[in-house]
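Subject: Structure for you to look at

Hi,

Here is the structure I promised to pass on. Please open it and keep it in view while you read.

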Amino acid sequence: MLLVLKQLFKPMNRQVDWLLEYKLSGDPSHLEALVDLYANDLLHFLQSITDTESAHNIAQRTWLTLITKRHYYKQQGTPKAYIFTIARNALHDDHRYRNKFVALDDVNLTTSSHSSDQEDAKHLYQTICLLPFEQKEALTLQLEGFSLEEIALITTTNQETIKTRLRYAKLSLKRHLGNLHE
């Protein structure tokens, strides 16, 4: 499980703002660079909150929105935060349309060959799925490597609210997971 968490916190490449480059030039190679950098993280975030099919559809809508509305990008945060904001808005639109979320049961979160690690990771994921949406969203964004400030920007919520959601999410996880190992 530690291996999974370490992979989530790998350093981000902040040398070139490919989104700004894409906004200014419209060059498809810049869009390809964005997709290469963020597509997997975006899909993982969406799959953590909704079912696989919806996650893929929302990811596609996110990239299409980015293509058609690239001129709206302002360099206020990271390109990743901007892309995740678009995805979050699309996720909320989908939620309003369908008025439900589906928990995933068939996701393999780790590539570890140790079955106990896989079971722990699967159980952790299932426990995260039980959290209320706002707590699950904040925790998932934090696990994706976003700072409190970036999470607040993505969710259009103040930082203190994000801290509270994360605290309650962690307490809930600790309480639930602690009961299993006692």
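Below are my notes on a helix pair, the core and one histidine.

Keep in mind that this is a predicted model.

Start with two helices. Helix α4 covers residues 52–68, and helix α5 covers residues 79–98. They pack at an angle of about 130 degrees. Their axes are 9 Å apart. The crossing of α4 past α5 is right-handed. On the α4 side, the contact includes Ile 58, Trp 63 and Leu 66. On the α5 side, Ile 83, Ile 86 and Leu 91 are among the residues that take part. By class, this contact has 9 nonpolar, 3 polar and 3 charged residues.

Next, the core. The largest nonpolar core has 39 residues. Leu 34, Leu 42, Leu 46, Trp 63 and Leu 66 have the most contacts inside it. Several helices each supply at least two residues of this core, including α2, α4, α5 and α9. The largest share comes from α3, with 8 residues. In soluble globular proteins, nonpolar side chains tend to be buried together.

Now zoom in on Trp 63. Leaving out residues up to four places away in sequence, Trp 63 touches Leu 31, Leu 34, Val 35, Tyr 38, Ala 39, Leu 42 and Ile 83.

Last, find His 44 in helix α3. Is His 44 buried, exposed or partly exposed? Its relative accessibility is 30%, so His 44 counts as partly exposed. Ala 55 lies 11 residues from His 44 along the chain. Their C-alpha atoms are separated by 8.4 Å.

Best wishes

How values were computed
Residues numbered from 1 in each chain as written. Predicted model: local features only at pLDDT ≥ 70, side-chain atom pairs only at ≥ 80, totals over all residues. Heavy atoms only, no water. Axes fitted to C-alpha atoms, helices over the stretch in contact; angles between N-to-C directions. Helix = DSSP H or I, 4+ residues; strand = E, 2+ residues; numbered from the N terminus. Left-handed = near helix turned anticlockwise from the far one by under 90°. Contact = heavy atoms within 4.5 Å. Nonpolar A, V, L, I, M, F, W, Y, C, P; charged D, E, K, R; others polar. Core = buried A, V, L, I, M, F, W, Y, C linked by side-chain atoms within 4.5 Å. Buried < 20%, exposed > 50% of the residue type's maximum accessible area, 1.4 Å probe, protein only.
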